[in-house]
Amino acid sequence: MKGDLLLIIDMQNVYAKGGEWECCDTEGAAQNILRAVDSGAAESAIITKFIADPNPRGVWKDYNEKYKKINDDKNANELLPQIAALASRFPVYQKSKYSSLSIPQVREACLAAGRVVVSGVVDDCCVLATVFELIDAGVYTVYLTDATSGLDKEKAAATELTLSGLAPLHVKLMTTKDFIEGK
């Protein structure tokens, strides 16, 4: 595969409006992800879900203890309904680390893609970790500024500012509209 791969990171109920870890614009990010998918601008897509590691080590053990209530909430960990609807068309992989490239199948697909177009939540955590790992792997990366969401607007802006310092060589920042229009 040498076309674009749309990577949809952790669009789960826990990050939606009213969720325990509500992000500042999960619903807007979801709408833009669906626009990107429906446009056909990406050759393929992959969806990831963050699920607590059943056998954590070190800091992850502490994480699981602190967030046990959320980790045990099946609904909170499910994909948003509009993203879950895409599961019949695209593979869904579970991860227990921040970077989506911790999943061997995702890493392999990203390395084979012409570019990886990054979307999802939480932009100041799992999304950022994934972007850095993509860059380290030498993958051409597009960060969709309006198809990601952070815990709050300040963190989202800080993530975008950090990535802008790596643009345009390591990462290209684009809106969903610009991506769809091929700019």
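Two strands pair if DSSP finds at least two bridges between them, and strands (E, at least two residues) and helices (H or I, at least four) are DSSP runs numbered from the N terminus.

The views below show a predicted model, in which local features need pLDDT of at least 70, side-chain atom pairs count only at pLDDT 80 or more, and totals for chains, interfaces and linings use all residues. Residues are numbered from 1 along each chain as its sequence is written, and side-chain values use heavy atoms, with hydrogens and water left out.

**View 1. Strand β4 meets strand β5.** Strand β5 (residues 141-149) runs parallel to β4, with 5 bridges between them. Look for Val 118, whose bridge partner in β5 is Tyr 143. From β4 the chain passes through helix α7 (residues 123-136) to reach β5, a right-handed β-α-β crossover (with the strands pointing away from the viewer, the path from the first strand over the helix to the second runs clockwise).

**View 2. Strand β4 meets strand β1.** Here 6 bridges link β4 to strand β1 (residues 4-9), again in parallel. Ile 8 has Ser 119 as its bridge partner in β4. Of the 7 residues of β4 (residues 115-121), 6 are buried, so the strand is largely enclosed by the rest of the structure (buried means under 20% relative accessible area, with a 1.4 Å probe and protein chains only).

**View 3. The open sheet has 6 strands.** Their order is β3-β2-β1-β4-β5-β6, with parallel pairing. At the edges, β3 (92-95) and β6 (171-174) each have a single partner strand, so one side of each lacks a neighbour in the sheet.

Conventions
Buried means under 20% relative accessible area, exposed over 50%, partly exposed in between (1.4 Å probe, protein chains only).
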